[in-house]
Amino acid sequence: MTSSSTPAHAHAGPPDTKLDRHILIVAGVVVLGAIMSILDVTVVSVAQNTFQQEFGTDAAGAAWTMTGYTLALAAVIPLSSWAAARFGTKKVYLTSLVLFVIGSALCALAWNIGSLVAFRVVQGLGGGLLMPIGMMILTKAAGPERVGSVMAVLGIPMLLGPIAGPILGGLLIEKASWHWVFLINVPIGIVAIIYSWFALRNDEETSRPSIDFVGLLLLSPGLALFLYGISSSSEAGTFISAKVLVPAIIGAILIAGFIWHALHSDKPLLDLRLFRNPTLTIAVISMTLFMIAFFGASLLFPQYFIGVRGETTLSAGLLLAPQGIGAMLTMPIAGRMTDKIGPGKFVLAGIVLMFLGMGTFVFVGAETSYLILCGALFVQGLGMGMTMMPIMTAALATLTNTQVPDGSTLVNVVQQTASSIGSAVIAVILATNLKNAPEGMLAIVSNTAPDKLPADVPAAAVPPSFFESAANAFGSTFVVGTILIALTLIPAFFLPRKKIASPLTEEDMDRAPIVMH
């Protein structure tokens with residue numbers, strides 16, 4: 001019997017954390033789905049100006065191509081645990097892939113901004129289940145002894161998406177057309193569907209739970225409304241606005257109602273009693289702070305390179321590459337070592353590296369050396385590879401097989417919520433700092449290329465001091481991200497610094513394999 005099917009107490013020596021051929025096969029299935037879902041978010045963000053020109057809409061109208069997708073994700077993620085138990089992970093994963101591919105093809109055929117937004121919602125309904133179901137498949141296939149290693153594999157598209165997205169989006173729009181932003185998903189999706197069909201086996205599930213309709217009516221719209229309100233703050237430039245506060249407050253009330261319901265229900269949509277597990281609770285708190293800081297900073301880097309330094313989208317993406325290289329170097333090592341010695345030491349070291357890397361941008365100017373900035377991004381990438389997936393490993397490694405679906409859903413809900421909050425908070429702080437710049441020329445900041453300046457502001461009229469003021473505004477905003485990274489040290493200090501003991505019993509571990517042999 002392998003280490004993935006033997007009780008933890010039966011091990012005579014160190015656990016085998018090596019990923020065998022079959023686990024790598026199933027990891028390939030999940031990574032393909034993750035690549036499509038995550039890349040799609042950043043690639044579409046690059047195409048916002050193109051959508052405005054093609055469909056004759058304004059920035060707010062084009063932004064709905066991202067907002068609609070995000071709200072669909074938020075609405076469907078809470079269903080993942082129930083859907084996996086009711087229909088099996090393979091069927092749900094295949095359905096999600098098919099829906100995502102159909103949505104992608106329809107987006108490429110959109111004839112106006114309304115149809116594009118509608119088709120993006122279809123995409124989001126499929127994409128929302130890819131990550132949580134994929135995490136369930138991987139965690140069950142590998143067993144608790146190798147959760148860190150498989151999370152490291154899954155983390156590659158999660159960390160590289162914000163970096164590769166602008167590069168890919170810039171290339172597709174410049175060399176082909178906006179249609180290919182979506183069409184590129186079709187061949188990848190077809191390969192993923194065929195791959196999944198043969199590589200995954202149907203779950204031998206005996207439970208056919210009925211859906212918790214009360215929980216569904218509270219959590220899904222609550223999460224969607226809350227995230228809609230938060231994301232609206234970017235457009236409003238403030239959190240103190242009816243457009244922001246009304247949906248956010250209604251959403252928060254619905255979420256609070258779900259929490260009360262879940263704690264008093266025998267079979268809730270999402271079992272919040274998992275928070276009785278102290279390791280999971282600490283991991284979720286650490287993950288929340290980390291995601292807010294990471295996704296907020298991810299918004300700032302390309303805007304600085306494009307808005308202050310005048311780089312193209314493609315160049316900005318290439319300048320961010322050192323961050324991805326750093327993450328790729330440390331992530332596999334951190335994953336393997338987390339399985340052997342626990343996540344605590346790696347996470348603490350990773351946060352320190354991220355603090356040093358992001359802290360460099362606090363002092364950024366209009367002419368700061370790219371060598372220094374790329375070096376700081378590389379250091380931050382090293383830290384990211386040692387932080388994100390070990391935290392997720394800590395959240396999932398202490399769960400039994402029956403708890404994994406709820407744990408995976410919970411992790412993805414937290415991730416989606418925290419990333420949206422981080423992006424919104426940083427966007428509002430940046431907008432405030434730019435308004436307070438001496439020149440006060442906020443309208444120019446994201447379009448400083450000479451051919452994109454407002455007609456009444458010729459390029460020669462923009463004083464060099466403006467770019468220095470804008471750079472200072474970015475530096476002040478990076479202070480917030482750096483502080484959030486530092487705060488992550490507090491909960492991370494309490495993460496396990498020894499190998500996490502397997503919670504699985506003999507009966508839990510004696511399960512049918514997920515991968516076809």
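Here is a short briefing on the overall fold and two residues of this protein. The model is predicted, so local features need pLDDT of at least 70 and side-chain atom pairs count only at pLDDT 80 or more, while totals for chains, interfaces and linings use all residues. Residues are numbered from 1 along each chain as its sequence is written, and side-chain values use heavy atoms, with hydrogens and water left out.

**Overall picture**
- The protein has 20 helices and zero strands, taken as DSSP runs (helices H or I, at least four residues; strands E, at least two) numbered from the N terminus.
- Of its 517 residues, 57% count as buried, meaning under 20% relative accessible area, with exposed over 50% and partly exposed in between (1.4 Å probe, protein chains only).
- Among contacts (heavy atoms within 4.5 Å) with a separation of 6 or more, 84% join residues 24 or more positions apart.

**Around Leu-319**
- Leu-319 sits in helix α13, which covers residues 313-319.
- Leu-319 counts as buried because its relative accessibility is 14%.
- Leaving aside residues up to four places away in sequence, Leu-319 touches Phe-305, Glu-311, Tyr-370, Cys-374 and Leu-377.
- Phe-301 is 18 residues from Leu-319 in sequence, and their C-alpha atoms are 9.3 Å apart.

**Around Ile-490**
- Ile-490 belongs to helix α19, residues 464-492.
- With a relative accessibility of 54%, Ile-490 counts as exposed.
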